[in-house]
Amino acid sequence: MQVSSRFTIAIHIFSCINTFKDEYKITGDFLASSIQVNPVIIRKLLGQLKEAGLIKVKRGSGGASIAKEPCLITLLDVFNSVESLDDGKLFHFHENPNPNCPVGRSIHPVLDGRLKQIQQAMEDEMQSITLEDIFNDTKKFIESTSIESTSKNI
């Protein structure tokens with residue numbers, strides 16, 4: 001199982017908006033150049049994030065901005081905005097285990113509760129991390145790597 005890259009791209013979008021909001025107009029093309037994906041992908045994600053009320057997008061020369069305080073947006077909010085889960089379930093169970101096989105007829109009762117528990121743990125952890133946390137860590141990392149880059153150039 002692997003979650004699509006839409007979630008990490010969305011976090012990248014938010015980080016770019018926050019980092020560059022005072023220096024650049026945050027357009028789909030600007031974001032695509034940082035993320036190195038097709039601008040069509042960025043526009044689709046911006047649409048999903050806008051629909052969820054997490055960002056604002058001004059047509060024309062406006063650019064994108066964050067619609068709420070970063071401390072109020074969790075990673076789970078972002079995840080739920082851009083990832084589509086079948087019936088809200090992270091794990092897709094194979095369709096037709098053989099009811100005549102002892103493993104086939106018992107696999108659902110054995111795994112269903114555990115998979116739900118795993119998904120709940122993931123959602124709880126994502127709910128505890130906000131965009132503000134990501135922005136603070138990003139700023140620290142950028143500052144620490146800028147110092148390293150500067151000292152290497154001397």
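Thr74 sits in the loop between β2 (63–66) and α4; helices (H or I, at least four residues) and strands (E, at least two) are DSSP runs, numbered from the N terminus. The model is predicted, so local features need pLDDT of at least 70 and side-chain atom pairs count only at pLDDT 80 or more, while totals for chains, interfaces and linings use all residues. Residues are numbered from 1 along each chain as its sequence is written, and side-chain values use heavy atoms, with hydrogens and water left out.

Thr74 counts as buried because its relative accessibility is 6%; buried means under 20% relative accessible area, exposed over 50%, and partly exposed in between (1.4 Å probe, protein chains only). Apart from neighbours within four places in sequence, Thr74 is in contact with Met126, Gln127, Ile129 and Thr130, where contact means heavy atoms within 4.5 Å.

In helix α4 (residues 75–82), six of the eight residues are buried: Leu75, Leu76, Val78, Phe79, Ser81 and Val82.

The aromatic rings come next. Rings of Phe, Tyr and Trp (its six-membered ring) pair if their centres lie within 6.5 Å; planes under 30 degrees apart count as stacked, over 60 as edge-to-face and the rest as tilted. The count is four aromatic pairs. Phe20 and Tyr24 form an edge-to-face pair, at 5.7 Å centre to centre and 75° between the planes. Phe20 and Phe30 are also edge-to-face, at 5.4 Å and 80°. This second pair links distant parts of the chain, with Phe20 in helix α1 (residues 6–20) and Phe30 in helix α2 (residues 28–35), 10 residues apart. Phe30 is buried at 18% relative accessibility, whereas Phe20 is partly exposed at 26%. Phe20, Tyr24 and Phe30 form one aromatic cluster.
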